[in-house]
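Let's take a friendly walk through a protein model together. Have the sequence and the 3D view ready, and follow along one stop at a time.

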Amino acid sequence: MKRVTGIGGVFFQAKDPVALQAWYRQHLGIDVQPWGGAVFPWTGETRNSTRGSTIWSIGAVGSGSFAPSRASFMINYRVENLAVLLEALRAEGCDVLEKTDDSEYGKFGWVVDPEGNKVELWQPPEGH
(Lines give C-alpha, C1' and ligand atoms only; values in the text may rest on other atoms or scores of the structure.)
Protein backbone atom coordinates (compact mmCIF):
# COMPACT_ATOMS: atom_id res chain seq x y z
CA MET A 1 0.00 0.00 0.00
CA LYS A 2 1.31 3.42 -0.94
CA ARG A 3 1.10 5.67 2.10
CA VAL A 4 1.98 9.35 1.51
CA THR A 5 1.80 10.46 -2.12
CA GLY A 6 2.69 14.16 -1.71
CA ILE A 7 2.24 17.28 0.34
CA GLY A 8 -1.29 18.62 0.37
CA GLY A 9 -0.66 21.72 2.43
CA VAL A 10 1.46 23.70 4.83
CA PHE A 11 -0.38 25.49 7.62
CA PHE A 12 1.09 27.75 10.27
CA GLN A 13 -0.05 30.12 12.96
CA ALA A 14 0.89 33.74 13.52
CA LYS A 15 0.33 36.30 16.28
CA ASP A 16 -0.91 38.72 13.60
CA PRO A 17 -2.02 36.58 10.64
CA VAL A 18 -3.29 39.52 8.56
CA ALA A 19 0.04 41.36 8.80
CA LEU A 20 2.01 38.19 8.05
CA GLN A 21 -0.21 37.37 5.08
CA ALA A 22 0.41 40.90 3.76
CA TRP A 23 4.19 40.45 4.18
CA TYR A 24 4.15 37.23 2.15
CA ARG A 25 1.94 38.87 -0.49
CA GLN A 26 4.21 41.94 -0.79
CA HIS A 27 7.66 40.41 -0.46
CA LEU A 28 7.27 36.90 -1.87
CA GLY A 29 4.41 37.50 -4.29
CA ILE A 30 2.14 34.83 -2.82
CA ASP A 31 -1.44 35.38 -3.97
CA VAL A 32 -2.97 35.30 -0.47
CA GLN A 33 -6.75 35.00 -0.72
CA PRO A 34 -9.32 36.44 1.73
CA TRP A 35 -9.54 33.04 3.52
CA GLY A 36 -5.88 33.48 4.60
CA GLY A 37 -4.00 31.28 2.20
CA ALA A 38 -3.05 30.45 -1.36
CA VAL A 39 -3.43 27.47 -3.68
CA PHE A 40 -0.46 26.27 -5.71
CA PRO A 41 -1.75 24.04 -8.56
CA TRP A 42 0.48 21.36 -10.10
CA THR A 43 0.41 18.35 -12.38
CA GLY A 44 1.67 14.86 -11.70
CA GLU A 45 4.75 13.07 -12.97
CA THR A 46 3.18 12.38 -16.36
CA ARG A 47 2.29 16.06 -16.66
CA ASN A 48 -1.39 15.41 -17.41
CA SER A 49 -2.55 12.30 -15.58
CA THR A 50 -2.65 13.70 -12.06
CA ARG A 51 -3.64 17.22 -11.18
CA GLY A 52 -3.77 18.64 -7.71
CA SER A 53 -2.80 21.52 -5.53
CA THR A 54 -0.88 22.37 -2.41
CA ILE A 55 -2.48 24.72 0.09
CA TRP A 56 -0.44 27.30 1.99
CA SER A 57 -2.24 29.03 4.84
CA ILE A 58 -1.66 31.28 7.85
CA GLY A 59 -4.12 31.22 10.73
CA ALA A 60 -4.34 32.82 14.15
CA VAL A 61 -2.45 31.51 17.16
CA GLY A 62 -4.82 29.88 19.61
CA SER A 63 -7.37 28.65 17.08
CA GLY A 64 -7.01 25.13 18.46
CA SER A 65 -6.83 23.52 15.02
CA PHE A 66 -3.32 22.16 15.68
CA ALA A 67 -4.18 20.70 19.12
CA PRO A 68 -2.99 18.57 20.79
CA SER A 69 0.30 19.74 19.22
CA ARG A 70 1.94 22.89 20.56
CA ALA A 71 3.80 23.45 17.28
CA SER A 72 3.03 26.57 15.25
CA PHE A 73 2.78 24.53 12.03
CA MET A 74 1.07 21.47 10.60
CA ILE A 75 1.90 19.60 7.40
CA ASN A 76 -0.91 18.00 5.40
CA TYR A 77 0.09 14.88 3.45
CA ARG A 78 -1.87 13.46 0.52
CA VAL A 79 -2.72 9.76 0.88
CA GLU A 80 -4.41 7.22 -1.39
CA ASN A 81 -6.64 5.44 1.13
CA LEU A 82 -7.14 7.20 4.46
CA ALA A 83 -9.13 4.45 6.22
CA VAL A 84 -6.59 1.73 5.39
CA LEU A 85 -3.66 3.95 6.39
CA LEU A 86 -5.22 4.96 9.73
CA GLU A 87 -5.90 1.29 10.48
CA ALA A 88 -2.28 0.39 9.67
CA LEU A 89 -0.94 3.25 11.83
CA ARG A 90 -3.07 2.12 14.77
CA ALA A 91 -1.81 -1.46 14.34
CA GLU A 92 1.76 -0.11 14.39
CA GLY A 93 1.12 1.62 17.73
CA CYS A 94 0.99 5.19 16.41
CA ASP A 95 -0.98 7.91 18.22
CA VAL A 96 -3.89 8.22 15.77
CA LEU A 97 -6.57 10.74 16.74
CA GLU A 98 -10.08 9.28 16.80
CA LYS A 99 -11.71 12.19 14.95
CA THR A 100 -11.89 12.03 11.16
CA ASP A 101 -13.61 14.39 8.73
CA ASP A 102 -15.33 13.69 5.41
CA SER A 103 -16.33 16.78 3.43
CA GLU A 104 -16.49 18.16 -0.09
CA TYR A 105 -12.71 18.74 0.23
CA GLY A 106 -11.99 15.06 0.87
CA LYS A 107 -11.33 12.83 3.84
CA PHE A 108 -9.10 13.91 6.72
CA GLY A 109 -7.46 12.09 9.61
CA TRP A 110 -4.67 12.93 12.04
CA VAL A 111 -1.75 11.23 13.73
CA VAL A 112 0.67 12.69 16.29
CA ASP A 113 4.36 12.02 15.62
CA PRO A 114 6.82 11.03 18.39
CA GLU A 115 7.81 14.72 18.86
CA GLY A 116 4.17 15.70 19.54
CA ASN A 117 3.48 17.31 16.14
CA LYS A 118 -0.01 16.84 14.74
CA VAL A 119 0.17 15.50 11.17
CA GLU A 120 -2.83 15.82 8.88
CA LEU A 121 -3.55 13.03 6.39
CA TRP A 122 -5.77 13.91 3.42
CA GLN A 123 -7.43 11.71 0.86
CA PRO A 124 -8.51 14.17 -1.84
CA PRO A 125 -11.84 13.71 -3.59
CA GLU A 126 -11.73 11.86 -6.93
CA GLY A 127 -10.01 13.88 -9.64
CA HIS A 128 -8.07 16.16 -7.30
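**A helix and its surroundings**

Keep in mind as we go that this is a predicted model.

Which residues of helix 2 are buried? In this helix, which spans residues 82-91, they are L82, L85, L86, A88 and L89. Look down the helix axis and you will find these buried residues within an arc of 160°, so they line one face of the helix. Now turn to the face directed away from the buried side of helix 2, where the exposed residues A83, E87 and A91 sit.

Just after helix 2 comes G93, which has a positive phi of about 85°.

Close to that end of our tour is a charged pair. Side chains of opposite charge can pair when their charged atoms come close. The structure holds 1 salt bridge, and its partners are R3 and E92, with 2.6 Å from N to O. Why does this pair tie together separate parts of the chain? R3 belongs to the segment before strand 1 (4-14), while E92 is in the loop between helix 2 and strand 5, so the bridge joins parts 89 residues apart in sequence. R3 counts as partly exposed because its relative accessibility is 32%; E92, at 47%, counts as partly exposed too.

Our last stop is the aromatic rings. A search of the whole structure finds 5 aromatic pairs. One of them joins F12 and W56 edge-to-face, with 5.7 Å from centre to centre and 75° between the planes. This pair links distant parts of the chain, as F12 is in strand 1 and W56 in strand 3 (residues 51-60), 44 residues apart. F12 is buried at 16% relative accessibility, and W56 is buried at 10%.

W23 and Y24 form another pair: their ring centres are 5.0 Å apart and their planes lie at 80°, so this pair is edge-to-face. Here W23 is partly exposed, at 42%, whereas Y24 is buried, at 19%. Ring pairs connect F12, W23, Y24 and W56 into a cluster.

Key:
Residues are numbered from 1 along each chain as its sequence is written. This is a predicted model: local features need pLDDT of at least 70, side-chain atom pairs count only at pLDDT 80 or more; totals for chains, interfaces and linings use all residues. Side-chain values use heavy atoms; hydrogens and water are left out. Buried means under 20% relative accessible area, exposed over 50%, partly exposed in between (1.4 Å probe, protein chains only). Helices (H or I, at least four residues) and strands (E, at least two) are DSSP runs, numbered from the N terminus. The arc is that of the directions from the helix axis to the C-beta atoms. A salt bridge is a side-chain nitrogen of Lys or Arg within 4 Å of a carboxyl oxygen of Asp or Glu. Rings of Phe, Tyr and Trp (its six-membered ring) pair if their centres lie within 6.5 Å; planes under 30 degrees apart count as stacked, over 60 as edge-to-face and the rest as tilted.
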